[in-house]
Amino acid sequence: LDDVQLQTLVTTITQATVDALKQRRGTGIGSIYAQLEQERLNHLLMEWLALEKSRPAFSVVAIEQEVEIPFSGLPLKLRIDRIDRLDDTDELVLIDYKTGQPTIKSWQGSRLDEPQLPLYAVTAESPVAAVAFAQINAKAMKWLGTGELQIRHPGIEAGKLQWQEQIDVWKHDLLTLAQAFISGDARVDPKNATALQYAEDLLPLNRLVEEDAVEKMVRAHGGAG
């Protein structure tokens, strides 16, 4: 589509979306607010679609595809925002839309912050060549991803590990987490200071502030008893 056709299409879609929201919310959404929201959405979508046009040729294979998989004894239901197939190489790219500020660090470490795409990548029936966040917000429009593609793609870079090695690491870490959950491992063990902030109201119960004292007491008595 040329720019005029694309703008017409985007305007039609955003108008329908905002109208549907107004119907659900009734008088809670005023006409001026609705107009401003539609203009905001128009701007974001046009900017994002311009970025999409700069990518290698692709086809959208699935949108919000739901799959149910057994993983290490856990019945899981996943919903993937989008799956693309690159036309020239026939490679699959898994996409997760983000309106915040994602980071690929959330796929690293034994306790992944964002396990959805890695989990789908290790369980998919067809090989996955890359996973990517599609960041869409007023501050920045960009791709953030990792994989092993045969063709250059904006924002998707090879990681420190070979792709198959990365898949194997994800599978190991996710299996470990699943097995810990199944075994009932519910220890109070915040991953970082940010996670700890959400547990401040529970400090009298989880005794995190007494952790060092409890550990000393256990050592002094030769174990937990």
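## Basis of the model

The model is predicted, so local features need pLDDT of at least 70 and side-chain atom pairs count only at pLDDT 80 or more, while totals for chains, interfaces and linings use all residues. Residues are numbered from 1 along each chain as its sequence is written, and side-chain values use heavy atoms, with hydrogens and water left out.

## The chain as a whole

The chain has 7 helices and 6 strands, where helices (H or I, at least four residues) and strands (E, at least two) are DSSP runs numbered from the N terminus. Read from the N terminus, the order of these elements is α-α-β-β-β-α-β-β-β-α-α-α-α. The radius of gyration, taken over C-alpha atoms, is 23 Å, well over the 17 Å that the globule rule gives for 225 residues, so the chain is more spread out than a compact globule; the rule itself is 2.2 Å times the number of residues to the power 0.38. Along its principal axes, the C-alpha trace spans about 75 × 50 × 30 Å.

Of the 225 residues, 32% are buried, a term that means under 20% relative accessible area, with exposed meaning over 50% and partly exposed in between (1.4 Å probe, protein chains only). Among contacts (heavy atoms within 4.5 Å) between residues at least 6 apart in sequence, 58% join residues at least 24 apart.

## Helix α3 and its surroundings

Because 6 of the 8 residues of helix α3 are buried, this helix is largely enclosed by the rest of the structure. The buried residues are Leu-117, Pro-118, Leu-119, Tyr-120, Ala-121 and Val-122, and they pack against β1, β2 (74–86), β3 (92–98), β4 (130–136) and α4.

The axes of α3 (residues 116–123) and α4 (residues 163–182) come within 9 Å and cross at roughly 110°; axes here are lines fitted to C-alpha atoms, for helices over the stretch in contact, and angles run from 0 to 180 degrees between N-to-C directions. That makes α3 roughly perpendicular to α4, since angles of 65 to 115 degrees count as roughly perpendicular, under 35 as roughly parallel, over 145 as roughly antiparallel and the rest as oblique. On the α3 side the contact is made by Pro-118, Leu-119, Ala-121 and Val-122, and on the α4 side by Ile-167, Trp-170, Lys-171 and Leu-174.

Ile-69 is found in strand β1 (residues 58–71) and is buried, with a relative accessible area of 13%. Not counting residues up to four places away in sequence, Ile-69 touches Leu-74, Pro-75, Leu-76, Leu-78, Leu-119 and Thr-123. Ile-69 and Ala-124 are 55 residues apart in sequence, and their C-alpha atoms are 9.4 Å apart in space.

Gln-135, which lies in strand β4, counts as buried at 3% relative accessibility. Leaving out residues up to four places away in sequence, the residues that Gln-135 touches include Trp-48, Lys-98, Met-141 and Lys-142. Leu-51, in helix α2 (residues 31–53), is partly exposed, with a relative accessible area of 21%. With the neighbours up to four places away in sequence again not counted, Leu-51 touches Met-141, Lys-142 and Trp-143, while its C-alpha atom is separated by 32 Å from that of Gln-23, 28 residues apart along the chain.
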